[in-house]
Amino acid sequence: MARVPVAEGIFTGLDADPQLIGSRCTECGIVTFPAQDSCPRCASTAMAEHLLPRRGRLWAWTTQDFPPPTPPYTGPTGRDFVPFGVGFVELADEVKVETRLTSADPAALAVGMEMELVLVPFRTDDDGNQVVTFAFRPVTSGASA
Ligand SMILES: [Zn+2]
């Protein structure tokens, strides 16, 4: 089964060490995700591709207990739907990214904890490919390091 990204231009590294693709304003330095063609702060169009750090800190989160509206949501619905966590992860004081979380367990999530980018199965497309999207998971310290 081939793995394909849920959308182009969102992340790199399908096989290992994925990174989110953001943009950075070469005039004022602001970083955005997803990448934008013009700067939301100074309106410059001198935006350069900027790969975001793979780790950050959980800034806020909640759980998605029912399928989001379709469209734009294209994932499982009905009995196939599995609740998931959603939140904002702050990456290197540069940008807060709205993201799916690998856990929807309140006991496993805490504001300020270190999070790491991973790619997770999202759905299977009509050609039998596994469509993957990005998510952040808690970084577990110790033991298996
Ligand atoms: Zn700018």
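Colleague: Where is Ser 44 found?

Modeller: We're looking at a predicted model, where local features need pLDDT of at least 70 and side-chain atom pairs count only at pLDDT 80 or more, while totals for chains, interfaces and linings use all residues. Numbering runs from 1 along each chain as its sequence is written, and side-chain values use heavy atoms, with hydrogens and water left out. Strands here are DSSP runs of E, at least two residues long, and helices are runs of H or I of at least four, both numbered from the N terminus. On that basis, Ser 44 sits in the loop between strand 4 (31-32) and strand 5 (47-51).

Colleague: Is Ser 44 buried or exposed?

Modeller: Buried means under 20% relative accessible area, exposed means over 50%, and partly exposed is in between (1.4 Å probe, protein chains only). Ser 44 comes out at 13%, so the label is buried.

Colleague: Which residues does Ser 44 touch?

Modeller: A contact is heavy atoms within 4.5 Å. Leaving out residues up to four places away in sequence, the partners of Ser 44 are Cys 25, Glu 27, Asp 37, Ser 38 and Cys 39.

Colleague: How many salt bridges does the structure hold?

Modeller: Side chains of opposite charge can pair when their charged atoms come close. The cut-off is a side-chain nitrogen of Lys or Arg within 4 Å of a carboxyl oxygen of Asp or Glu. By that criterion the count is six.

Colleague: Arg 55 forms a salt bridge with Glu 114; how many residues apart are they?

Modeller: The closest N and O atoms of Arg 55 and Glu 114 are 3.6 Å apart. Arg 55 is in strand 6 (residues 55-64) and Glu 114 in strand 9 (residues 114-124), a link between distant parts of the chain with a separation in residues of 59.

Colleague: Why does the pair Arg 55 and Glu 116 tie together separate parts of the sequence, and how many residues apart are those parts?

Modeller: Arg 55 forms a salt bridge with Glu 116, with the closest N and O atoms 3.6 Å apart. Because Arg 55 lies in strand 6 and Glu 116 in strand 9, the pair joins parts whose separation in residues is 61.

Colleague: What is the distance between the closest N and O atoms of Arg 137 and Glu 116?

Modeller: Arg 137 is partly exposed at 38% relative accessible area, while Glu 116 counts as buried at 12%. The two form a salt bridge, and the closest N and O atoms are separated by 3.1 Å.

Colleague: Which residues are linked in a network of salt bridges?

Modeller: Arg 55, partly exposed at 39%, and Glu 114, partly exposed at 30%, both belong to the network.

Colleague: What volume does the largest pocket have?

Modeller: On a 1 Å grid over the protein atoms alone, a pocket is an open set of points with protein on both sides within 12 Å along at least five of seven lines, whereas a cavity is a set where a 1.4 Å probe fits but cannot get out; lining residues have an atom within 4 Å of a point. Points are joined across faces, edges and corners, and volume is the space filled by probe spheres set on them. For the largest pocket, that gives about 620 Å³.

Colleague: Which strand supplies the largest share of the lining of the largest pocket?

Modeller: The lining has 21 residues, with Glu 98, Thr 99, Arg 100, Thr 133 and Phe 134 nearest the centre. Five residues, the largest share, come from strand 8.
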